[in-house]
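Let's take a look inside a protein together. Have the sequence and the 3D view handy as you read.

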Amino acid sequence: MDKGVYALILENSGCEVRIGALGPREFAAGWHVYIGSALGSGGLARADRHVRLALRRDRPPRWHIDHLLLDPHFAPAAVVTAATDRDCECDLARAVGGAYIPGFGCSDCTCTSHLFYRSGDPVPEMLACFRDLDLDARITRIKNEGSEH
């Protein structure tokens, strides 16, 4: 199983979502990029788990990102992955930077956030961020049949 790092790209129509202990948060319409690590068991299949949860909405939330994946205002648009054994999740989050949701997905590190906002499709920018960290990025676009996104 490949291990690595990923950027999960979600498109949303603007809403408020309660994120566990973080409480309610406002999300502007546009795109949100979640940076995650896939160094643990299961490796990059973790990104696939996120997409399955968003499409099926068949389990209760466990992580911050699950709250967005279960919300009907959010739809997965793409996943950018890179196989690596380097612990570079936080490096990637710093490379992405920009507008962010404070405290999201970073309770186990010192980053300000692992969830970032963009008004337009962030895929080209994410590919550049991966490339700048010498990561061989792979992109998977996600088709959302019947979605309003």
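Below we go through the pockets, the nonpolar cores and the cysteines.

## Before we start

This is a predicted model, so local features need pLDDT of at least 70 and side-chain atom pairs count only at pLDDT 80 or more, while totals for chains, interfaces and linings use all residues. Residues are numbered from 1 along each chain as its sequence is written, and side-chain values use heavy atoms, with hydrogens and water left out.

## The pockets

Rolling a probe the size of a water molecule over the atoms shows where empty space is left. Here a pocket is an open set of points on a 1 Å grid over the protein atoms alone, where a 1.4 Å probe fits, with protein on both sides within 12 Å along at least five of seven lines; lining residues have an atom within 4 Å of a point. A volume is the space filled by probe spheres set on the points, which are joined across faces, edges and corners.

The largest pocket holds about 330 Å³ of space. Its lining has 16 residues, and Tyr34, Arg46, Trp63, Gly105 and Asp108 lie nearest the centre. Strand E4 (30-38), helix H1 (45-56) and helix H2 (64-69) each supply at least two lining residues (helices, H or I, at least four residues, and strands, E, at least two, are DSSP runs numbered from the N terminus). E4 gives the largest share, three residues.

The second largest pocket has a volume of about 170 Å³. H1 gives the most to this lining, with five residues. Among the residues that line the second largest pocket are Arg46, His50 and Trp63.

## The nonpolar cores

A nonpolar core is a set of buried Ala, Val, Leu, Ile, Met, Phe, Trp, Tyr and Cys residues joined through side-chain atoms within 4.5 Å. Buried means under 20% relative accessible area, with exposed over 50% and partly exposed in between (1.4 Å probe, protein chains only).

The largest core has 23 residues, and Leu8, Phe27, Ile65, Leu68 and Phe104 touch the most other members. H1 gives the most to this core, with four residues. Apart from it lies another core of 21 residues, including Trp31 and Phe116.

## The cysteines

How many disulfides are there? The count is zero, where a disulfide is a pair of cysteine sulfur atoms within 2.5 Å. For Cys106, the nearest cysteine sulfur belongs to Cys109, 5.0 Å away. Cys111 has its closest cysteine sulfur in Cys90, but at 3.4 Å that is too far for a bond. Cys106 is buried, with a relative accessible area of 6%, and Cys111 is buried too, at 13%.
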